[in-house]
Amino acid sequence: MQRMLQLYSGPGHWNDMDMLQVGNGGMTFTENRSHFSLWAMMFSPLMAGNDLRKMTDSTKNIFTNKAVITLNQDALGKQAEKIIDEGKFQIFRKEPGNGEMALCFFNRSDLRVTKKIDWQKLNISNGKNLLTCGQANNN
C-alpha cells in the first residue's frame, strides 16, 4: 500500500489511494474511522464515495472531523511513512511541517491489541503536539 510513494507526494500532487468506502456498509464504525484516518495520513484525496442522502450521524462525524481533515490538508503535503510493521499492527508517522507529529496506530486484526511502544527507539521524546489518528476530538 503506497509503500515508498511518499517521495512523490507534495503540494500539487498526491498519491490517490482510491475511493473512500466510509459509510458504504460492510464496515464497523471503527473500521470506517480507521479507513478515513489512514487516507488522511496518506495525503490522499478525501472524496466521499457513499450516498450522502443516506449518511448516518456517525458517518457524518467521521467525515467532518476537523483535526483529521486538517492533517490531510497541511501545506507541506507529505504523506505518512510506515515506521513500524509487525504484520497486522503498523504505525504510520506524518509530520505536517508545523512542528507537530501525527501517529496512526493501525490494527488490521479483529482482536484488541496492546503494545508497549519504545518512544526513544522511534526518536519521539515526548507526546507534546502529538495527534493519534482515530482519537482526535471533533472540534
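Two rings of Phe, Tyr or Trp, the last taken by its six-membered ring, count as a pair if their centres lie within 6.5 Å, and planes over 60 degrees apart make such a pair edge-to-face. By this rule the count comes to three aromatic pairs in what is a predicted model. A search of the whole structure also finds six salt bridges, and the largest nonpolar core holds 18 residues.

**Aromatic pairs**

- One of the pairs joins Phe92 and Phe106, which stand edge-to-face with 6.5 Å from centre to centre and 75° between the planes. Because Phe92 belongs to strand β2 and Phe106 to strand β3, this contact ties together parts that are 14 residues apart in sequence.
- Phe92 has a relative accessibility of 2% and therefore counts as buried, and Phe106, at 16%, counts as buried too.
- Phe105 and Trp119 form another edge-to-face pair, with 6.3 Å between the centres and 90° between the planes. Phe105 lies in strand β3, whereas Trp119 lies in the loop between β3 and β4, so this pair as well links parts 14 residues apart in sequence.
- Phe105 is partly exposed at 30% relative accessibility, and Trp119 is likewise partly exposed, with a relative accessible area of 33%.

**Salt bridges**

- Asp74 and Lys94 meet through their side chains in a salt bridge with an N to O distance of 3.1 Å. Asp74 sits in the loop between α3 and β1 (81-85) and Lys94 in strand β2 (residues 89-94), so the bridge ties together parts that are 20 residues apart in sequence. Both Asp74 and Lys94 are buried.
- Glu81 and Arg93 form a salt bridge at 3.9 Å, N to O, and because Glu81 lies in strand β1 and Arg93 in strand β2, the pair connects parts 12 residues apart in sequence.
- Is Arg93 buried or exposed? Buried means under 20% relative accessible area, and with 18% Arg93 is therefore buried, whereas Glu81, at 35%, is partly exposed.
- Glu81 and Arg93 are also linked with Glu95 in a network of salt bridges.
- Glu86 and Lys115 meet in a salt bridge at 2.6 Å, N to O. Glu86 lies in the loop between β1 and β2 and Lys115 in the loop between β3 (101-107) and β4 (130-132), so this contact ties together parts that are 29 residues apart in sequence.
- Glu86 is partly exposed, with a relative accessible area of 48%, and Lys115 is partly exposed as well, with 39%.

**Nonpolar cores**

- Which residues touch the most other members of the largest nonpolar core? They are Phe36, Leu38, Met41 and Phe92, out of 18 residues.
- At least two residues of this core come from each of α1 (29-41), α2, α3 and β3, and α1 supplies the largest share, with five residues.
- A second, separate core has seven residues, including Ile91, Met101, Leu103 and Ile124.

**Surface patch and a buried loop residue**

- Met4, Leu5, Leu7 and Tyr8 form a nonpolar patch on the surface, and together they have about 440 Å² of accessible area. Tyr8 is placed in the segment before α1 and is exposed, with a relative accessible area of 53%.
- Asn65 is found in the loop between α2 (57-63) and α3 (66-72), and at 11% relative accessibility Asn65 counts as buried. The C-alpha atoms of Asn65 and Arg33 are separated by 9.8 Å, although the two residues are 32 residues apart along the chain.

Methods:
Residues numbered from 1 in each chain as written. Predicted model: local features only at pLDDT ≥ 70, side-chain atom pairs only at ≥ 80, totals over all residues. Heavy atoms only, no water. Helix = DSSP H or I, 4+ residues; strand = E, 2+ residues; numbered from the N terminus. Buried < 20%, exposed > 50% of the residue type's maximum accessible area, 1.4 Å probe, protein only. Salt bridge = Lys/Arg side-chain N within 4 Å of Asp/Glu carboxyl O. Core = buried A, V, L, I, M, F, W, Y, C linked by side-chain atoms within 4.5 Å. Patch = residues over 30% accessible without salt bridge, like charges linked within 9 Å, V, L, I, M, F, W, Y side chains within 5 Å. Areas by Shrake-Rupley, 256 points an atom, 1.4 Å probe, with all protein chains shown as cover. Phe/Tyr/Trp six-rings, centres within 6.5 Å; stacked < 30°, edge-to-face > 60°.
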